Amino acid sequence: EEEYELVLKNDYNTNGHTQWYYFRVANMKKDVVYRFSIINFYKRSSMYSRGLRPVLYSQKDAAATQIGWHRVGDDITYKKNDLPYQKGENGPVKSFFSLQFSLKFPHSNDLCYMAHCYPYTYSDLQRYFTVLESDSEVRKICRRRILCRSLAGNRCDLLTITNPRDVSIAEEDEPKKPCVVLSARIHPGETNA
C-alpha cells in the first residue's frame, strides 16, 4: 500500500477555508492500493461521512472507453486529527479534520485527476452558451449579454429568458413586463451548486 498526505492551500478570498480539491496523479501502478489523506479541512462534518466519494478521471480510460469522471474510493473516513490551527492571534486553538480514502488505479503509468466533485469549468460553460446561441429556436426565447467582467477579465453573462421575441420591434421598444431575477454564485470547484 502506498500512502500520501496532502495539504490543501486555503481557498482564495477567504479567511482560511479548505473544501475543494483537484490534483493529478502520475506513474501509478495498477492494482496497488493507494491511500490518500487530506489533512487540513476546517469543517467538523462532511458529506464524505454520509457516502460521498471523490471523483477520478483517467486519461487511459477516457481514450480507450470514453469513460470520463466517475466516483471512486474505498475505506473513506472523515475525522478530527491532531494537527492544530489558530485563526487570528487571539482565536482558539482547534484541530483540523482529515479526509482519508483508498483506491486502486485502473492502469499503470496513467495520468489521473482526482477532485471533490465533477469539474465544470468556465470553458465548459462558455461552450454551452455558444451551443445555445447557435440554436435558432433557443434564440427566440433566450438572449445572452455581458453583465460585467470578473477581475480576471472573464465575462459574466446575463441570460434573459422570455416569451418569443417579435423581431419587428426594437428591443428597447418592447413592452415592459414583470420579471424574476435569478442570481447564482458558486465557489471554485463547487459544481454541485
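Student: How much space lies in the largest cavity?

Tutor: About 50 Å³, where a volume is the space filled by probe spheres set on grid points joined across faces, edges and corners. This is a predicted model, with local features needing pLDDT of at least 70 and side-chain atom pairs pLDDT 80 or more, while totals for chains, interfaces and linings use all residues. Residues are numbered from 1 along each chain as its sequence is written, and side-chain values use heavy atoms, leaving out hydrogens and water.

Student: What makes a space a cavity?

Tutor: On a 1 Å grid over the protein atoms alone, a 1.4 Å probe fits at its points but cannot get out, and lining residues have an atom within 4 Å of a point. Among the residues lining the largest cavity are Gln-19, Phe-41 and His-116.

Student: Why is the contact between Glu-133 and Arg-144 called a salt bridge?

Tutor: The term needs a side-chain nitrogen of Lys or Arg within 4 Å of a carboxyl oxygen of Asp or Glu. Here N and O are 2.9 Å apart, so the pair qualifies.

Student: Why does Arg-144 count as buried?

Tutor: Buried means under 20% relative accessible area, exposed over 50%, and partly exposed in between, using a 1.4 Å probe and protein chains only. Arg-144 has 17%, so Arg-144 is buried, whereas Glu-133 at 34% is partly exposed.

Student: Which residues do salt bridges with shared partners join into one network?

Tutor: Asp-157 pairs with Arg-144 at 3.1 Å between the closest N and O atoms, and with Arg-155 at 2.7 Å. Shared partners join Glu-133, Arg-144, Arg-155 and Asp-157 into one network.

Key:
On a 1 Å grid over the protein atoms alone, a cavity is a set of points where a 1.4 Å probe fits but cannot get out, and a pocket is an open set with protein on both sides within 12 Å along at least five of seven lines; lining residues have an atom within 4 Å of a point.
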